[in-house]
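Subject: Structure handover and findings

Hello,

The structure you asked about is below. My notes on what turned up in it follow.

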Amino acid sequence: MATANLVLLVALMVTGFSSCIAWEVKIRMPTARAVEAAAERLEEEVAAPLIHALRPVFGSGGQLASRAGVACDSWRLAVEAYNKRDWKLVPADCEGYVGNYMLGGHYRRDSSVVIDEAIAYAESLKLAGKGKEVWVFDIDETALSNLPYYSTYGFGTRPWNATRFNQYVMEGRAVALPETQRLYKKLISLGIKPVFLSGRTEDQTAVTIKNLSREGYTTWRKLLLKPLNAKVNSIAYKSGERKKLVDAGFVIVGNIGDQWSDILGAPEGARTFKLPDPMYYIG
């Protein structure tokens, strides 16, 4: 009886293993029509707009992380925790992992956790009622997502090309990150004024205003872009602009960005929030 049970158990394990392999192959190699159908279903089921037209039917975990030449999930954790700094490129073996993280549901879920905390904090604030409270927003990969660009150029695995990226920016095609937009709308309703502070340069002001407005960011207290002749790094530039806000009598109740350089450097604001971004590093 014990032998029979053992044989049955082995048979079930083999069957289960075979079905797992078949399922794995199926989700790792979807047909073009399957991807289109999944995108159509998601478009119907999800209220928030998709960040990108391409929507894989699988996520970033499991086998993609373990089969890469480096431990891509651990690498991403080190990046987000600011333990890994001054890096130039996403490891080449992690292109598929980062791509699936960004285009799948994982990136959106991580962003939602950050935004939920930011909204809970904003709702707890006791405002002075003088209209001087502001919340600082970064733009790229914070208010607006450049996934249409990065999905074409390897999700950060290829060397940075400033000329090519700036050409993309001038097209004004960046799309809103729905989670950040949810925070933006909540702040407006609470009477907290948004301030956009970006590393984009002043010659991109007109297209940035047009892009923000088209994507639903229609009002703000200030839009601060970097002077063309500025020679300081991102931390020095952004902390300097925040100091100007404070010196002008504004109270920075919140500060959100995708880079650590968006939220480091005094005055940071009463509370800071870091959105995920494993595609590039700005020091």
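A residue counts as buried when its relative accessible area is under 20%, and as exposed when that value is over 50%. Please keep in mind throughout that this is a predicted model.

Backbone

The cut-off matters for E141, whose relative accessible area is 1%, so E141 is buried. E141 is not a glycine, yet its phi is positive, at about 65°. The residue sits in the loop that runs between strand 1 (133-137) and strand 2 (144-145).

A positive phi also turns up at D86, again in a residue other than glycine, with a value near 55°. D86 belongs to the loop between helix 4 (72-80) and helix 5. Is D86 buried or exposed? Its relative accessibility is 57%, so D86 counts as exposed.

There is also a cis peptide bond to report, between A266 and P267, with omega at about -5°. P267 is part of the loop between helix 12 (260-263) and strand 7 (272-274).

Helix packing

Two packed helices are described by the angle between their axes and the distance between the axes. For helix 5 (residues 95-103) and helix 6 (residues 105-124), the angle is about 55° and the axes are 3 Å apart. Helix 5 is therefore oblique to helix 6. On the helix 5 side the contact is made by Y101, M102 and L103, and on the helix 6 side by G105, H106, Y107 and D110. By class, the residues of this contact are 4 nonpolar, 2 polar and 1 charged.

Cavities

Rolling a probe the size of a water molecule over the atoms shows where empty space is left. How many cavities of 30 Å³ or more does a search of the whole structure find? The search finds 2. The largest cavity holds about 90 Å³ of space.

Which residues line the largest cavity? Its lining consists of V79, Y82, K84, W87, D258, Q259, W260, K274, D277, Y280 and Y281. Sorted by class, that lining comprises 6 nonpolar, 1 polar and 4 charged residues.

Regards

Methods: Residues are numbered from 1 along each chain as its sequence is written. This is a predicted model: local features need pLDDT of at least 70, side-chain atom pairs count only at pLDDT 80 or more; totals for chains, interfaces and linings use all residues. Side-chain values use heavy atoms; hydrogens and water are left out. On a 1 Å grid over the protein atoms alone, a cavity is a set of points where a 1.4 Å probe fits but cannot get out, and a pocket is an open set with protein on both sides within 12 Å along at least five of seven lines; lining residues have an atom within 4 Å of a point. Grid points are joined across faces, edges and corners, and a volume is the space filled by probe spheres set on the points. Ala, Val, Leu, Ile, Met, Phe, Trp, Tyr, Cys and Pro count as nonpolar, Asp, Glu, Lys and Arg as charged, and the others, Gly among them, as polar. Axes are lines fitted to C-alpha atoms, for helices over the stretch in contact, and angles run from 0 to 180 degrees between N-to-C directions. Helices (H or I, at least four residues) and strands (E, at least two) are DSSP runs, numbered from the N terminus. Angles under 35 degrees count as roughly parallel, over 145 as roughly antiparallel, 65 to 115 as roughly perpendicular and the rest as oblique. Contact means heavy atoms within 4.5 Å. Buried means under 20% relative accessible area, exposed over 50%, partly exposed in between (1.4 Å probe, protein chains only).
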